[in-house]
Amino acid sequence: MEKKSILSGIQPSGEGIFTLGNYIGAIRNWGVMQEEYDCAYFIADLHSLTVRQDPQTLKKQSLSAFALLLACGIDPDRSLLFVQSHVRTHAELAWILNCYSQMGELSRMTQFKDKSAQHADNINAGLFTYPALMAADILLYQADLVPVGADQKQHLEFTRDVAVRFNNLYGETFKVPDAYIPKAGAKVMSLQEPTKKMSKSDENKNATVLLLDEPAVIMNKFKRAVTDSEKEVVFREGKDGINNLMTIYGVLTGKTNEEIEAEFAGKGYGDFKAAVGECVAEALRPVREEYARLIADKAYLETKIKEGAQKAEAVSWKTLRKARKRVGLLELPR
Ligand code: TRP
């Protein structure tokens, strides 16, 4: 039987590139999914432009993000791994899909509303048509499944709507993708305000663990993690801080909540926090080490970036070509 295909993208912008939350919630599974699926992953640098970026930083972080995905176990010889802006088909299909997106539906996107409020001085058209670019990313590769967090579900719904609309007008052109809900999905919360998602844009540096944080920094952040005034390590409603630490520890050690509770019975929060910190620092060690090795090997990175772009171009062109024909764009004579 043919493998199903999976596609996902991640923005390279923001403090420290990726967080422990990105790792546990997404990237860690990306590596695992290569066993079962045909995977395509990319650095969504065009999407980053919808918020003002420092050009030097964006450039540097895009390269780092690429190296970091490799360090997290994405195998570029097995999966398609590339930088979005290197593959021109994305921007081109996004333009076409813009013409099949309605102002009304785009105005209902909660991310647009949130980001417009956050960046009131820069409510640009790209921010508004962000979902059309995301739809292009997905539809170009005829992806079956798209793993996305809760915040991107609405954009995936939009992608499906646009695909169906286009197919109804012109005949089967795009595969209509489904959301992929990971079996062992885990959402990592802020270490300082555990009712909020861990975010790279958090102003409180202690709230967020970055993938490339040094062990001492990681230990320190966990030591300061906000918990509650009780002393038992148990998973229970209302104990958001402890629940979050237990989730992180559980995902990384494979232990159940019961096993964790038994392990720390009679011990205090201090011991538990130290254990979680150590376990995270240890789990990220191979990523840190592999990243350090890769980022020093510019030639290898450049080769893989080039190969990824070429492969993605070839795959996505097939779809773009079909879509161009469907809407009546004249073919360039050969
Ligand atoms: N918008 C996504 C995010 O910010 C990133 C993204 C861009 C993406 N294109 C995509 C995710 C296509 C999945 C599929 O998280």
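Which helix gives the most residues to the shell around the ligand? In this predicted model, in which local features need pLDDT of at least 70, side-chain atom pairs count only at pLDDT 80 or more, and totals for chains, interfaces and linings use all residues, that helix is H7, with four residues. Residues are numbered from 1 along each chain as its sequence is written, and side-chain values use heavy atoms, with hydrogens and water left out.

**View 1. The shell around the ligand.** The ligand is surrounded by 14 residues, the closest being Gln-11, His-47, Tyr-130, Asp-137 and Gln-152 (a residue counts as near if one of its heavy atoms lies within 4 Å).

View 2. For pairs of N or O atoms within 3.5 Å, a nitrogen atom of the ligand lies 2.7 Å from a polar side-chain atom of Asp-137, and a nitrogen atom of the ligand is 3.1 Å from a side-chain N or O atom of Gln-152. The side chain of Gln-11 places an N or O atom 3.2 Å from an oxygen atom of the ligand.

**View 3. The largest nonpolar core.** This core (buried Ala, Val, Leu, Ile, Met, Phe, Trp, Tyr and Cys residues joined through side-chain atoms within 4.5 Å, where buried means under 20% relative accessible area with a 1.4 Å probe, protein chains only) has 57 residues, and Leu-69 and Phe-272 are among those that touch the most other members. Domain 1 (5-181 + 298-327) and domain 2 (205-292) both give residues to this core, so it lies between them (the bounds come from an automatic or database domain assignment).

**View 4. Surroundings of Leu-69.** Neighbours within four places in sequence aside, Leu-69 is in contact with Ile-10, Phe-18, Ile-27, Trp-30, Ile-43, Ile-74 and Leu-81 (heavy atoms within 4.5 Å).

Conventions. Buried means under 20% relative accessible area, exposed over 50%, partly exposed in between (1.4 Å probe, protein chains only). A polar contact is a pair of N or O atoms within 3.5 Å; within protein, one must be able to donate a hydrogen and the other to accept it, and residues adjacent in sequence count only if both atoms are side-chain atoms. Helices (H or I, at least four residues) and strands (E, at least two) are DSSP runs, numbered from the N terminus.
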